[in-house]
Each structure stands twice: as C-alpha cells, then as structure tokens.
Amino acid sequence: MSLHFTKEHEWIRVEGDTATVGITDHAQSQLGDIVFAEAPEAGKQLTKGGDAAVVESVKAASDVYAPASGEVVEANPAIADDPSIINSDPEGAGWFFKLRLSDPGELDGLMDEAAYRDWVATL
C-alpha cells in the first residue's frame, strides 16, 4: 500500500491496481464545516487533473481533482448521507471514491506524506 498527495490537497492510497481518493486533513480544515459532497459514479472514466467530485462547506465550494487516471469502481455513499464524515475522518472513512488505475506511472510525480506535510507548512 502506498500513499501519495497532490498540491490540490487530494490523497490517493494505492492497493494493487485500485486506489482510494479523498481530500486531506488540511483541505477539510480550510473548508470548514462540510455540508455537501458528490462523488463520481462507478464506471466514470477520470483523467489525471480533471474534475472528479465536488465538496461544499459553509465557507466555499471546491472541486476535487483526480490524482490519477482510471475508472471509478466505487463511490463512498457515506459522504452523501453525512458529509461531516469528511471533517471528522478525511483520510479514512471520509474517502470519496475508488479508482482502477489506468497508468500507475502517473503517481510518480505526486508527493509522499513527508513531502506533503513539509509543503503544507510553507503555505
């Protein structure tokens, strides 16, 4: 299992050819109380860097981008029913979708956890 991060504050946890995607703790803290989340449906093809999901808070609305290309294999129904899960457990139960990777090599340009934490500290 490997964990990677984007500068747009998404995380992607890879297990085999499938990856779970969500937003980081930093992202949820900047958004504030999340009141709505919409994940892509299974079967949707995503392109790295393209719009994948939407999250809305009392402060703002934000797109969630695909950190890698592939086919959505599962959306997290829990975030639609209770979007506050994203605030309470953004890098766990608050995941958005699972993706079957079409090109695992796309992960090479992403940050590991230490690099992401160091980068966030400069913001």
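Visitor: Over residues 18-100, how far apart are the end C-alpha atoms?

Guide: This is a predicted model. In the UniProt record, residues 18-100 carry the feature "domain: Lipoyl-binding", from an unreviewed entry. The chain over residues 18-100 is 20% helix and 42% strand. Its end C-alpha atoms are separated by 4 Å.

Visitor: Which residues have the most contacts inside the largest nonpolar core?

Guide: The largest nonpolar core has 25 residues. Elements that give two or more residues to this core are β2 (10-15), β3 (18-23), α1 (25-31), β4 (34-38), β6 (51-57) and β9 (97-101). In soluble globular proteins, nonpolar side chains tend to be buried together. The residues with the most contacts inside this core are Ile12, Ile23, Ile86, Phe96, Phe97 and Leu101.

Visitor: Which residues are in another core, apart from the largest one?

Guide: This other core lies apart from the core of 25 residues. It consists of six residues, among them Phe5, Trp11, Trp95 and Val120.

Visitor: Which residue in β6 is the bridge partner of Ile34?

Guide: β4 and β6 run antiparallel and are joined by four bridges. Within β6, the partner of Ile34 is Ser57.

Visitor: Which residue in β7 stands opposite Val55?

Guide: Strand β7 (residues 61-65) runs antiparallel to β6, with five bridges between the two. A hairpin of three residues joins β6 to β7. Opposite Val55 stands Ser62.

Visitor: Why is the pair of Tyr116 and Trp119 described by its ring planes as it is?

Guide: Tyr116 and Trp119 both lie in helix α4, three residues apart, about one turn of the helix. Their ring centres are 6.2 Å apart and their planes stand at 40°, so the pair is tilted.

Visitor: Is Tyr116 buried or exposed?

Guide: Ring pairs link Tyr116 with Phe5 and Trp119 into a cluster. Tyr116 has a relative accessible area of 0%, and buried means under 20%; Tyr116 is therefore buried.

Conventions
Residues are numbered from 1 along each chain as its sequence is written. This is a predicted model: local features need pLDDT of at least 70, side-chain atom pairs count only at pLDDT 80 or more; totals for chains, interfaces and linings use all residues. Side-chain values use heavy atoms; hydrogens and water are left out. Rings of Phe, Tyr and Trp (its six-membered ring) pair if their centres lie within 6.5 Å; planes under 30 degrees apart count as stacked, over 60 as edge-to-face and the rest as tilted. Buried means under 20% relative accessible area, exposed over 50%, partly exposed in between (1.4 Å probe, protein chains only). UniProt positions are given in the numbering used here, feature names are shortened, and annotations may be inferred rather than shown by experiment. A nonpolar core is a set of buried Ala, Val, Leu, Ile, Met, Phe, Trp, Tyr and Cys residues joined through side-chain atoms within 4.5 Å. Two strands pair if DSSP finds at least two bridges between them.
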